[in-house]
Amino acid sequence: MSTGDLCGLRIVVSAGTTYEDMVPVHFLGNRSSGHMGFAMATAAAARGAEVMLIAGPVQLATPEGVMRTDVRSAAQMHAAVFAALPCDIYIGAAAVADYTPAQVSASKSKKSDGPLTLTFVRTRDILAELAVDPRRPRLVVGFAAETDDVEAYARDKLVRKKLDLIAANRVGVPGSGFESEDNALLLIDATGTRALGPAPKTQLAHSLLDEVAAGLKRKFLDADRHG
Ligand code: CTP
């Protein structure tokens, strides 16, 4: 039997990049390594939660005691996350593509001397859709990677996507973000802003889960208070 402060909770974590295919040999991806999401899944399972990890194309081993579904594109990640419902907590650590090619050509096109113009369309926003879904998890947690005005942009995302908590990090500086072993996060919710780290991602994952557990407790108390 599992023990730990997250025992009895089902947590879905998305992690890594997504690949949007353009032609059979080219795709659009990003630099997310998946380490933060995998660290969150590892920490949550170690604390007794039932964890479903929805992983984009990353080269990382499945953490002990974690169930895993591998996906490639943003559309596949959307489908896998919704198929994993119901859950108590959703942690959207994946760097999901915001755009996907309007058309995928079946054959590899030959290069020409002129410029190449491609048309992209928006992907569906998993976090934003989940936050207003009738099966909404009790806690919806997002990540934000920002290059400047980290707190302002992240708070805007928290409100716009109707999240309970957002973990923001500055990308493009050494010692933080996508390809780094360490990370520093700003946690933003309705109660205020807290700084976590810099620290190894494994340690940050536990600190972030402490905040998630506290946020969940507040929600239960609020629900009790309002009948
Ligand atoms: N996300 C998602 N579905 C998408 C895109 C993003 O669930 N189609 C989630 C990510 O998992 C992450 C958060 O949204 O938790 C990141 O927000 P996003 O709007 O993608 O941030 P940016 O790409 O930085 O967007 P912007 O250009 O608006 O800053």
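Reader: Is Thr18 buried or exposed?

Author: Please keep in mind that this is a predicted model. A residue is called buried when its relative accessible area is under 20%. Thr18 has a relative accessible area of 0%, so Thr18 is buried.

Reader: Where is Thr18 placed along the chain, and which residues is Thr18 in contact with?

Author: Thr18 lies in the loop between strand S1 (10-15) and strand S2 (20-23). Once its neighbours within four places in sequence are set aside, Thr18 is in contact with several residues, among them Leu28, Pro57, Arg72, Met77 and Ala97.

Reader: What does the side chain of Thr18 make a polar contact with?

Author: A polar contact is a pair of N or O atoms within 3.5 Å. The side chain of Thr18 makes such a contact with the side chain of Glu20, at 3.2 Å, and the Thr18 side chain also reaches the backbone nitrogen of Ala97 at 3.0 Å.

Reader: How many residues surround the ligand?

Author: There are 15 residues around the ligand, and the closest are Gly92, Ala94, Asp98, Arg124 and Lys157. An N or O atom in the side chain of Lys157 is 2.9 Å from an oxygen atom of the ligand, while polar backbone atoms are found 2.9 Å from a ligand oxygen in the case of Phe143 and 3.0 Å from a ligand nitrogen in the case of Ile126. Of the 580 Å² of accessible area that the ligand has on its own, the protein covers 75%.

Reader: Which element gives the largest share of the shell around the ligand?

Author: The largest share, three residues, comes from S9. The elements that give two or more residues to this shell are helix H3 (126-131) and strand S9 (139-146).

Notes. Residues are numbered from 1 along each chain as its sequence is written. This is a predicted model: local features need pLDDT of at least 70, side-chain atom pairs count only at pLDDT 80 or more; totals for chains, interfaces and linings use all residues. Side-chain values use heavy atoms; hydrogens and water are left out. Helices (H or I, at least four residues) and strands (E, at least two) are DSSP runs, numbered from the N terminus. Buried means under 20% relative accessible area, exposed over 50%, partly exposed in between (1.4 Å probe, protein chains only). A polar contact is a pair of N or O atoms within 3.5 Å; within protein, one must be able to donate a hydrogen and the other to accept it, and residues adjacent in sequence count only if both atoms are side-chain atoms. Contact means heavy atoms within 4.5 Å. A residue is near a molecule or strand if one of its heavy atoms lies within 4 Å of it. Accessible areas come from the Shrake-Rupley method with a 1.4 Å probe; for residues, only the protein chains shown count as cover.
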